[in-house]
Structures are given as structure tokens and as C-alpha cells.
Amino acid sequence: MKQYILSLAIYLVAGFCEIGGCFAFWAWLRLGRSIACLIPGMAALVAFAWLLTRIDTDTAGQAYAAYGGIYILASLTWMRVVEGYAPTRWEILGAAICLIGAGVILFHPRNA
């Protein structure tokens, strides 16, 4: 159980690092912010990549596939908290479906 909680925590932090890093580029190119915002953005993307290597899976592909569901949840949370737009019920439903799939990929029995 402890490993599952640790994996979830790593995925959540990784998700916000990736979104924050990508948002730095969005802010620079689409919102006219200073190019200096790319420095912490690039650091966040490096942290994201490093964090995914901390996930206990047999292959990188499993770690990345399971991360997809977490990324969707983190993206909708970012949209709500940072950008001030509430997700629709369809976006929430879609995220829930993806999280179920991510859980199946990440937490399936290893010997099956």
C-alpha cells in the first residue's frame, strides 16, 4: 500500500512539473510574458522527467502509460486553479475514465 501512495504522489508532483514547465512556454509565446519564465519552466520539465524514473514499474512504457491518466487530472486541476476555468462534467468524466485505466496499468498484479 505504501508503494501505491508513493507512486501516486510522484505522479502528481510530476504532472504539475510538466504542466508548469509547458505553461512557461505558453505564457511566453501566447501571453507575452518574459522569456525569463522559461528558466524555471525548463527546470520543471527536467524535474518531471527525473520523477518518472522514480516510479516502480517493469518498463518505462508502463510508467508513461499510467502517467497519462494523472496528467489529465493535473491538467484539469491546473485549468481550474491557475487559469480560472471550471472543467465541464464531460471533462471530469473523461478524467475519471482515464484514471481508472491508469490504475489498471500501474497496479495490476505483477505476476499476471
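Predicted model: local features only at pLDDT ≥ 70, side-chain atom pairs only at ≥ 80, totals over all residues.
**The overall picture**

Let's step back for a moment. The protein is built from 4 helices and 0 strands, so reading from the N terminus the order is simply α-α-α-α. Its C-alpha atoms fill a box of roughly 50 × 35 × 20 Å along the principal axes. Of its 112 residues, 30% count as buried. Among contacts between residues at least 6 apart in sequence, 66% join residues at least 24 apart. The protein exposes about 7,200 Å², and carbon and sulfur atoms supply 71% of that area. As for charge, the mean positions of the 7 positive and 5 negative charges are 6 Å apart.

**The aromatic rings**

Now back to the rings. The structure holds 4 aromatic pairs, and two of them are set out here.

| Pair | Distance between ring centres | Angle between planes | Type |
|---|---|---|---|
| Phe48 and Tyr67 | 5.4 Å | 45° | tilted |
| Tyr67 and Tyr71 | 5.9 Å | 55° | tilted |

The pair of Phe48 and Tyr67 links distant parts of the chain: Phe48 belongs to helix 2 (residues 38-52) and Tyr67 to helix 3 (residues 60-81), 19 residues apart. Tyr67 and Tyr71, in turn, both lie in helix 3, 4 residues apart, or about one turn of the helix.

Tyr71 is partly exposed, because its relative accessibility is 29%. Together with Tyr11 and Phe48, Tyr67 and Tyr71 form one aromatic cluster.

Key:
Residues numbered from 1 in each chain as written. Heavy atoms only, no water. Helix = DSSP H or I, 4+ residues; strand = E, 2+ residues; numbered from the N terminus. Buried < 20%, exposed > 50% of the residue type's maximum accessible area, 1.4 Å probe, protein only. Contact = heavy atoms within 4.5 Å. Areas by Shrake-Rupley, 256 points an atom, 1.4 Å probe, with all protein chains shown as cover. Lys, Arg positive; Asp, Glu negative; His and termini not counted. Charge placed at Lys NZ, Arg CZ, Asp CG, Glu CD. Phe/Tyr/Trp six-rings, centres within 6.5 Å; stacked < 30°, edge-to-face > 60°.
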